[in-house]
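Open the model in your viewer and keep the selection tool at hand. The tour goes from stop to stop, and each stop says what to select and what is there.

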Amino acid sequence: MQDVWENRWPTTVEDIPFGRLSVKMIDNFEKFGRSSVLDMEMLVNSMKNISTENIELIEDIVYRFRHSDDAFPVRDSIVNAIVRSYIDMDIAHRLVPFIKDKLGYGLLLDFYTANLLMNHFLEKNMTEEAAQVAYEMMFQEDFSHNLTNCMSMYCCVKRLQDIGDVQPEEDPSAPEEEDEWVRVNIVHRPVYDDHFDINKEHFRLGKSLYFLGQANVIPDENSSRKDLLNHSLQFVGLGLYNKFSKALDLLEKWIAAAKTDKTPVLFHKQMETFRNHLDWSPVRNPEEEELDLGQQTVQYQAKKLYLTEEEKAACVERFEKLVEEAKSFNGIADEDIYEHILNNIKGQIQNLQKDDIGIQRKKYQTWKTNMVDMYQKEMREEERRRKQKEIELKMAEMAEKEELILAHERKREILLARHKAPREKVKQKKEELDEDELEERMKSRKALIKKKK
Amino acid sequence: MKLFGRHSFFHGKSLMELTAQLKNPKGRVVTRLTFERYPEKSYYILSHVEHGYSGQNLTGVAWGTKVFRGYKYPNITRIDAGGKRDWRLIPKEEEEEYCKIDKVHEPKFKPEDIDTRLPPLMEIVLERNLKQRNVAYEGIPKLEGFVTFNKDDVTKRGVYFNAQKSSDSQTQTS
């Protein structure tokens, strides 16, 4: 793949050095508010071995490009080039906060770049960053690509092993500040949609585990065992995500289906983590007064989704009942599944790699031809603009010459026009005088008045 | 920091904000929170979104199939209200349940029930004008000469009249 990557820029198109291009682009952004897509592609493909100042320059340019008209729709070639050059320069950890901020930087990863990134982070044992990438892919709710599903499942399970049994931190209490009231035209209501606005990591982990469990990533010849693994991951995911009623509804369904066959429904470890998170889940006070709209924040809206104490107690009761029911027919198995899942996924990944690489090779070639077409189009348009300017200049010159030549015949009209033309009113400026000068003026005036008398 | 001022009427997010964070907005279901005042289901299924920036504000236009109060419009409509902070994205799990249509709202009028008489002074003036210009007409001039209502036009569902703005309206006879 490396040879295709290094020859990705077509030779017929100009290759401008990085420093000059970046300065020109920032100029364009400040003058016109936009810089063309071709400039961005050129810039991003000339990133090799750059110093730290220039890295910040690139990040600034990406931000400004995203806030211009040309950035939509997001081009896969640009994102791929940025990610790949960051990986080559060993600064991929800097990318993670930019990938999280989709509105500001717009690095929406497609499947291949996500796989690359996750692979890079896992090789270096940076499980936290790898999991962040997996969460971003979950937000798109697109589980059609098998390799990405496998890789994100791998990252999430590894992260579960680290975080699953650790009590999450409590919400930071709002610091008491002085009352700074700010006047605004319209006070917008802060919105917490339960998807893009999630901040807590264990919520994101839980949600991605739930979705990946539904996508049936883990195959197995024995279908009931496959269901077992996927169901238990879904259950743990919902526990981490604090959607306990939903999880218990699903458990009821599985128990009802498994009672007749007496097959296991859950694993012991997952049940324990669910119980722990049930105990640790935060609680809200239903009798609290609602704050003014001006004082509300997104966190405040998020807290409205927590359980009350009564609901929590009801969930705990229901959970214990269902667990006893499952234990009555040996529904809870006692196995350590994480290692089994990881090995299973590794085998799958090795099978699916080759197809992915083949598809990406073709993509690089199509991007190359697209660049050539775009470049030729822009050159043609520039020539057209240049010719148009020349023609306009020539027309202006000719109009001047014509005026001079025909001036004698239009003498009378010119004189009339001169009379009728509006004259500029000359405004008299008010003189600013000091006190002494004022006194002198008043004295001279008084002297005049006296003289007249 | 505490804000005070006029409270906003909307309490949601703008469509452009939501779709800018999605790589593939095609096929996603989206509703407006003001549609919750109707008992029937109304939503849009997105097909295409174009974004742009005007200054610091994210603007744009979307296209999608419209389902309003249970009735599904046949063609793809343009959504211009994407900038209003009134929208909600529906997760893919709940799409099936949400898109099931139970009831359909029927607009409560028939074209026969419309009163097409003109105001009395206008009738008198019209008759006089038409006589002066020697234009032939039958009976009393009525609204049908000015406006047309096409029952079969589905995009005008719920809209009563399609007013003609051409200058020939006064000479047309019913």
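A residue counts as buried under 20% relative accessible area, as exposed over 50%, and as partly exposed in between, with a 1.4 Å probe and protein chains only. The model is predicted, and local features need pLDDT of at least 70, side-chain atom pairs count only at pLDDT 80 or more, while totals for chains, interfaces and linings use all residues. Residues are numbered from 1 along each chain as its sequence is written, chains are lettered from A and ligands numbered from 1 in the order in which they are written, and side-chain values use heavy atoms, leaving out hydrogens and water.

**Stop 1: salt bridges**

Select A:Asp60 and A:Arg64. Their side chains form a salt bridge, 3.4 Å from N to O. The term stands for a side-chain nitrogen of Lys or Arg within 4 Å of a carboxyl oxygen of Asp or Glu. The two residues are 4 apart in helix α4 of chain A, so about one helical turn separates them. Helices (H or I, at least four residues) and strands (E, at least two) are DSSP runs, numbered from the N terminus. A:Asp60 is partly exposed at 30% relative accessibility, and A:Arg64 is partly exposed at 26%.

Next, select B:Lys13 and A:Asp193, whose side chains meet in a salt bridge of 3.7 Å, N to O. This pair crosses between chains: B:Lys13 is in the loop between β1 (2–7) and α1 (15–20) of chain B, and A:Asp193 is in the loop between β1 (181–187) and α11 of chain A. Are these two residues, B:Lys13 and A:Asp193, buried or exposed? Both B:Lys13 and A:Asp193 are buried.

Then move to helix α17 (residues 338–405) of chain A, where A:Glu381 and A:Arg385 lie 4 residues apart, about one turn of the helix. They form a salt bridge, with the closest N and O atoms 3.8 Å apart. Over all chains, the count comes to 30 salt bridges.

**Stop 2: backbone in the loops of chain A**

Most residues other than glycine have a negative phi, and most peptide bonds are trans. Select A:Phe72 and A:Pro73: the peptide bond that joins them is cis, with omega about -5 degrees. A:Pro73 sits in the loop between α4 (52–66) and α5 (76–88) of chain A.

Now select A:Asn125, in the loop between α8 (111–123) and α9 (127–139) of chain A. A:Asn125 is not a glycine, yet its phi is positive, about 60 degrees. At 59% relative accessibility, A:Asn125 is exposed.

**Stop 3**

Chain B has 3 helices and 8 strands.

Strands pair if DSSP finds at least two bridges between them. The bridge partner of B:Thr31 in β6(B) is B:Arg88.
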